Amino acid sequence: MNTPQGELTIIHEGLTHAYGQNMVALMLAEEFSRRGFNVKIMPVRCVSPEGGLVEYIFASTSVLTMGVNWAVDNGADIISMSLGLPASLEPAGLDDAIINAYNNGIPVFAASGNSGNNEAYVPASWPETFAVGSFSQAHNRADFSTYGYYMDCLAGGGQIVGSNYSTAERIWGCYVSSVCDENNGGLPAGAHGFTAALGTSAACPQAAGIAGLVLSVAPGLSPDALYNVLRQTCLDVEAPGWDEESGYGIIQARAAVDAVSGTPDVNVNMTPQGSTVIPAYGGTLNFTVEVRNNGTSPAFVDFWTDAT
């Protein structure tokens, strides 16, 4: 199987150590780990070690701005920002830092927010960024997902109706506990754990991960060209065409990669091991499957059962 070569570096900016690791895990687990792409993570902590201290986020010296600039200077290929601020509280220089990243060929992905309202947060609403909201299992905009004139797409960020967390749709990921986590009642530093995320902060890194897949096949794409590939291959939901609630729809990894790939030459052979008739009260069917790709681009193969 042909595998794209080269190294892809992704910066992710989250609000706490464990939270950021969980978002990075979401970004990479599905999109890269099973496909053998050469990827580096560039974790850049842009708020205090304790996390969630708004005075650090809104500081005039803006560690967010410094973090973006540092990523640009140190070879990031994609920037993912699971955070958002009201425009009136924009950190000093952040807009210029995002524009600088964009002008240096680095696409920037940002969470739209979790207010559930039609309103704009930065950096998601800036024209240089790709704004990502959340969709539910019903393929609609999640109730909490902020939306507006700037929306680009939806990705998996879970869903919750009201405050009923017992029925919430959650996104799960893994992390390594930090000293900060331990000091705040979490696992001992260095321990491995898993946690659930809910919000556009979980959706944003998934879109960034899919963007990484596209760049691994077509590394010369400019930010705008990459954004357009992702937009044009979305699954349209909500109102037909672009709309404020869902942007261009639900981001689609397979369709986006196919749009920039060469022609795959895939042979799939399935050999039944025993009966091919589904038992009346359920059971197991066994097949041996051989997949061979002789083409010049990655190929995606789906398997499903039709019990009708």
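Here is a short walk through an aromatic cluster and a helix in this predicted model. Residues are numbered from 1 along each chain as its sequence is written. Local features need pLDDT of at least 70 and side-chain atom pairs 80 or more, while totals for chains, interfaces and linings use all residues, and side-chain values use heavy atoms, without hydrogens or water.

Let's start with the rings. Searching the whole structure turns up four aromatic pairs; rings of Phe, Tyr and Trp (its six-membered ring) pair if their centres lie within 6.5 Å, and planes under 30 degrees apart count as stacked, over 60 as edge-to-face and the rest as tilted. Take Phe-109 and Phe-130: their centres are 5.1 Å apart and their planes sit at 50°, so this pair is tilted. Phe-109 belongs to strand β5 (residues 108–111) and Phe-130 to strand β7 (residues 129–135), so the pair ties together parts 21 residues apart in sequence. Strands (E, at least two residues) and helices (H or I, at least four) are DSSP runs, numbered from the N terminus.

Phe-109 also pairs with Tyr-227, with centres 6.0 Å apart and planes at 90°, so that pair is edge-to-face. Tyr-227 lies in helix α7 (residues 223–232), 118 residues away from Phe-109. Together, Phe-109, Phe-130 and Tyr-227 form one aromatic cluster. Phe-109 and Phe-130 are buried, as is Tyr-227 (buried means under 20% relative accessible area, exposed over 50%, partly exposed in between, with a 1.4 Å probe and protein chains only).

Now look at helix α4 (residues 94–103), whose buried residues are Leu-94, Ala-97, Ile-98 and Ala-101. The face turned away from that buried side carries exposed Asp-96 and Asn-103. After α4 comes Gly-105, with a positive phi near 80°.
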